[in-house]
Each structure stands twice: as structure tokens, then as C-alpha cells.
Amino acid sequence: MPGPLSIAIIGAGMGGLATAAALRRVGIDVTVYEQATQFARLGAGIQIGCNAMKVLRRLGLEDRLRGGSFYPRSWNNRDWSTGEVKFDMIFGESAEEKFGAPYLLAHRGDLHAALASAVPDECIRLGHRLTGLDQITDGSVRLVFANGATATADAVVAADGVHSVVRDMLFATAPVKFTGRIAYRTTYPATLLGGERIDDCTKWWGEDRHIVIYYVKPDRSELYFVTSQPEPDFRIESWSAKGDVGELRKSFEGFHPQVGQVLAACPDVHKWAIMDRDALPRWAEGNVTLLGDACHPMTPYMAQGAAMAIEDGAVLSRCLDGAERDGVADAFRRFEATRKERTTRVQETSRANTWLRGRTNADWVYGYDAWTVPLAA
Ligand code: FAD
């Protein structure tokens with residue numbers, strides 16, 4: 001009897017950790033290699049769509065996430081100056097009933113910590129930046145890391161994000177495209193608003209820019225905002241790059257007073273260049289596959305990038321359930337065939353930046369269940 005399939009996952013981000021937890025459920029021996037030497041609590045919010053929550057529920061994380069996140073009545077969409085409601089996407093109990101799981105607004109660090117809690121510490125190797133990868137003739141894969149360590153596994157799942165080195169090793173892909181737009185973002189304590197009431201979750205639509213503002217804690221004690229606006233000369237894409245609050249405030253002058261209040265109270269801010277990429281022709285080569293942003297990065301305008309990576313993990317675990325080493329390449333092809341149409345549609349819809357700006361049928365996004373969707377033949 002061969003032992004359990006061993007899979008090396010590159011990257012302990014949202015997709016890598018969700019995949020590790022999902023693969024362990026079907027008896028796969030998983031090791032996650034992450035370049036960072038420790039997990040940092042990044043100052044950002046994250047919307048956890050009902051579709052992602054269905055996956056997270058089966059990974060045992062629902063109670064923890066409900067307990068630590070904000071449960072919005074809706075995602076409201078309003079005009080930047082008049083405040084007119086363009087479309088109010090109702091969540092809360094009615095959407096939970098309709099889509100089969102809640103829609104939650106979380107601190108990104110809380111979601112990441114929840115995912116990390118679903119993977120035993122001994123399965124995660126921090127401080128391991130992948131630099132080399134070889135598929136050897138016996139069907140296994142050899143990995144080389146910047147710290148001098150090496151490892152072998154039956155297969156590799158590269159969840160190494162938008163600048164995936166594994167993607168570059170496997171395929172001659174064009175670099176990710178800078179969209180010419182940047183995002184300012186931050187989280188801060190709601191006490192800084194000095195008692196001013198703001199909407200729970202609203203996207204304020206301007207002519208060439210927008211700002212999304214929402215709470216990330218159940219008691220409204222912390223809020224988050226993220227913008228999108230043109231700035232063709234700023235190309236730094238890093239969770240730690242700082243922005244200038246004064247410039248930010250200036251670029252949203254004239255917006256509704258609520259936006260002014262939120263920006264006036266904001267102590268500091270991060271700045272991020274927004275990247276995009278067309279769908280890749282292929283995700284896998286032999287016993288190595290890409291997953292998450294590594295193969296389908298997207299603009300953040302639908303708040304679905306992490307949700308897609310998390311769904312990927314669930315579908316991949318179903319494709320690999322019961323597979324042996326010589327069946328892995330087929331399982332990876334099946335994974336790609338099951339997922340690509342959906343992730344491409346989300347990439348393209350997100351790029352258009354019209355999601356929920358007017359009446360929108362969102363059933364195809366939030367109604368999807370990665371645990372039950374038919375697998376491709
Ligand atoms: P990542 O989370 O980027 O993880 C990649 C990991 O791989 C990192 O930990 C990295 O350190 C590691 N790594 C990279 N290279 C190596 C290497 N060579 N060796 C070892 N490790 C390596 N999505 C949502 O669903 N909802 C939202 O509300 C939302 N809001 C967003 C707001 C902004 C401003 C942005 C930029 C994105 C947002 N997203 C949102 C998208 C989401 O953040 C990404 O789609 C998601 O993080 C992708 O997960 P991933 O695991 O593929 O990649």
C-alpha cells in the first residue's frame with residue numbers, strides 16, 4: 001500500500017491555507033512553505049462572500065468568523081455627491097437563507113488567523129522562499145528554497161500570489177499589468193470618528209474613483225476603507241507601502257460628508273498599485289498546479305479574489321480525493337476544467353468595475369457551492 005499522497009503548498013496566504021485545510025480533510029499529507037518569517041496582521045478589511053463562507057464552514061471556521069466579524073444588513077451603493085442610493089444589495093438573514101451562508105465583513109488578519117488555525121503548526125514552514133522546482137522522472141517534485149533547504153513531494157500546489165514564481169518557472173507568461181490605478185486603504189478604531197454615525201457598508205461611486213467603507217468588528221469598533229483612483233505613475237504593489245493622508249483627502253474633496261468624516265479621522269494610510277492579468281491558457285504542468293491569485297489575479301472591485309482562492313481549495317480537494325501520485329496530473333486538469341470558466345468570469349466582471357452599481361443579479365457569485373458543484377469530466 002502506498003502512503004498518503006504528499007503535497008507541498010507554496011504560500012500560506014488565503015488560498016494556500018484554505019487548500020491545506022481542505023486537502024487534510026481527504027487524508028493528504030500537506031506541507032505549506034511560506035517565505036515570510038512570521039504572519040503579520042495587515043491593516044485591511046476583507047469581505048467574505050456567502051460562497052467563501054460555505055467553504056469556510058466545512059473547514060470548521062464558521063463560529064469563529066461569525067464571532068469576530070461584522071454582519072452587514074447590506075452592501076449599499078451610493079452616489080459620491082448626492083448620496084442617492086444606486087443599488088442596495090441586501091445581505092443579512094434573507095441572503096443567508098437564499099445563498100446558504102452569511103456574508104461577513106472581517107479584518108483580513110482575523111480571516112488569515114482563522115485559516116491558520118485550521119492547519120497544524122507542524123505542517124507550516126515559515127522562512128521558506130521557493131527558488132527552484134524540478135519535476136523528476138519518478139513523478140515526484142523537488143523543491144529548493146532560498147535558505148538552502150530542499151524538499152520532495154508527490155505534487156506541488158503553487159498558491160504564491162499575484163507575482164507567482166512558480167508560474168514564471170512553468171510558463172512564459174507576460175508580467176502582470178498595472179491598471180494605472182491605485183488603492184488607498186487602512187483600518188482604524190471607530191472611536192476616532194468622535195461619535196459620528198456612518199453607514200455600515202457603502203461603496204461611494206464617483207466619476208473616475210470610488211471608496212468602499214465598512215466596519216470589520218461585530219460591535220462596530222473598527223472600520224476599514226479602500227479606494228480606487230487613477231495614478232499612472234505609482235507602481236509599488238506592497239501591503240506595507242505608505243500613502244499620504246493629505247493627498248488622499250484632497251483626492252476625495254467634494255464627496256459626500258460621510259466620506260469626508262471618515263477621511264478626516266483617518267490617522268494614516270497604505271497605498272497599493274492595482275494589478276490585473278488576463279486569464280492564463282493553462283494552470284498546470286504535470287504534478288504542479290497554480291491556485292488563487294497565482295493563476296487568476298483580479299482587481300478588487302467585486303471583493304472576490306480571496307473567495308476564488310478559497311473555493312479553489314475546496315474543489316481541488318474533491319479532485320484529489322483518493323488520487324495516487326500517477327493520477328495527480330489528471331486531477332489537476334480536472335480542477336482547472338472545473339474552475340476556469342468561473343474564475344475568468346469573475347476576473348472580467350471585476351475588471352469592468354460595475355458590480356452592484358445598479359440592479360445586479362448576484363446569484364451566480366454568492367449561490368455557488370464549491371463542495372457540491374459538479375466536477376468537470
Ligand atoms: P496571497 O494571499 O497573496 O498569498 C500568497 C502567499 O505566498 C503570501 O503569503 C506570500 O508571502 C507567499 N509567497 C509568495 N512567493 C513565495 C515564494 N517564492 N515562496 C514561498 N512563499 C511565497 N478578496 C476578497 O475575497 N474579498 C475582499 O474584500 C478583497 N479585498 C481586497 C482589497 C485589496 C486592496 C486587494 C489588493 C485585494 C483584495 N482581495 C479581496 C483579493 C485577495 O486579497 C486576494 O485575491 C487573495 O489574497 C489571494 O490569495 P492567494 O492565497 O492566492 O495569494
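**Reading a predicted FAD-binding model**

Colleague: Between which two strands does the loop with Arg 220 lie?

Modeller: Arg 220 lies in the loop between β14 (210-215) and β15 (222-230). Keep in mind throughout that this is a predicted model.

Colleague: What is the phi of Arg 220, and is the residue buried, partly exposed or exposed?

Modeller: Its phi is near 60°, a positive value in a residue other than glycine. For exposure, count the C-beta neighbours: a residue is buried at 20 or more within 10 Å and exposed at 12 or fewer. Arg 220 has 15 inside 10 Å, so it counts as partly exposed.

Colleague: Where does Leu 356 lie, and what is its phi?

Modeller: Leu 356 is in the loop between α10 (328-352) and α11 (363-366). Phi there is near 70°, again positive in a residue other than glycine. Leu 356 is buried, because 20 other C-beta atoms lie within 10 Å.

Colleague: Now the ligand. How many residues surround it, and which are the closest?

Modeller: The shell has 34 residues, and the closest are Gly 11, Gly 13, Gly 15, Gly 292 and Gly 305. By class, 18 are nonpolar, 11 polar and five charged.

Colleague: Which elements supply at least two residues each to that shell?

Modeller: They are α1 (14-25), β3 (45-48), β12 (177-189) and α9 (305-320). The largest share, four residues, comes from α9.

Colleague: What does the record say about a domain?

Modeller: An unreviewed UniProt entry lists residues 7-348 as "domain: FAD-binding". In the model this span is 31% helix and 29% strand, and its end C-alpha atoms lie 31 Å apart.

Colleague: Which residues touch the most other members of the largest nonpolar core?

Modeller: Ile 7, Ala 18, Ala 158 and Tyr 214 do, in a core of 116 residues. Helix α9 gives the most to this core, with 10 residues.

Colleague: How should I read a helix, and which residues of α5 are buried?

Modeller: An α-helix has 3.6 residues a turn, so residues three or four places apart point the same way. In α5 (residues 108-117) the buried residues are Arg 108, Asp 110, Leu 111, His 112, Ala 114 and Leu 115. They pack against α1, β3, α3 (62-68) and β6 (104-107).

Colleague: On to strands. In which sense do β4 and β5 pair, parallel or antiparallel?

Modeller: In a regular strand the side chains alternate between the two faces of the sheet. Strands β4 (residues 74-79) and β5 (residues 85-90) pair in the antiparallel sense over five bridges. Asn 76 stands opposite Asp 88 in β5. The hairpin has five residues between the strands, and Gly 83 takes a positive phi near 80°.

Colleague: What is the strand order in the open sheet of six strands?

Modeller: The order is β7-β2-β1-β11-β19-β18, with mixed pairing. Its edge strands, β7 (124-125) and β18 (284-285), each pair on one side only.

Colleague: Last one: where is Ala 279, and what does it touch?

Modeller: Ala 279 is in the loop between β17 (269-276) and β18. With 15 C-beta neighbours inside 10 Å, Ala 279 counts as partly exposed. Not counting residues up to four places away in sequence, it touches His 296, Lys 340, Thr 344 and Gln 347.

Terms used
Residues are numbered from 1 along each chain as its sequence is written. A residue is near a molecule or strand if its C-beta atom, placed from the backbone, lies within 6 Å of it. Ala, Val, Leu, Ile, Met, Phe, Trp, Tyr, Cys and Pro count as nonpolar, Asp, Glu, Lys and Arg as charged, and the others, Gly among them, as polar. A nonpolar core is a set of buried Ala, Val, Leu, Ile, Met, Phe, Trp, Tyr and Cys residues joined through C-beta atoms within 7 Å. UniProt positions are given in the numbering used here, feature names are shortened, and annotations may be inferred rather than shown by experiment. Two residues are in contact if their C-beta atoms, placed from the backbone, lie within 7 Å. Two strands pair if DSSP finds at least two bridges between them.
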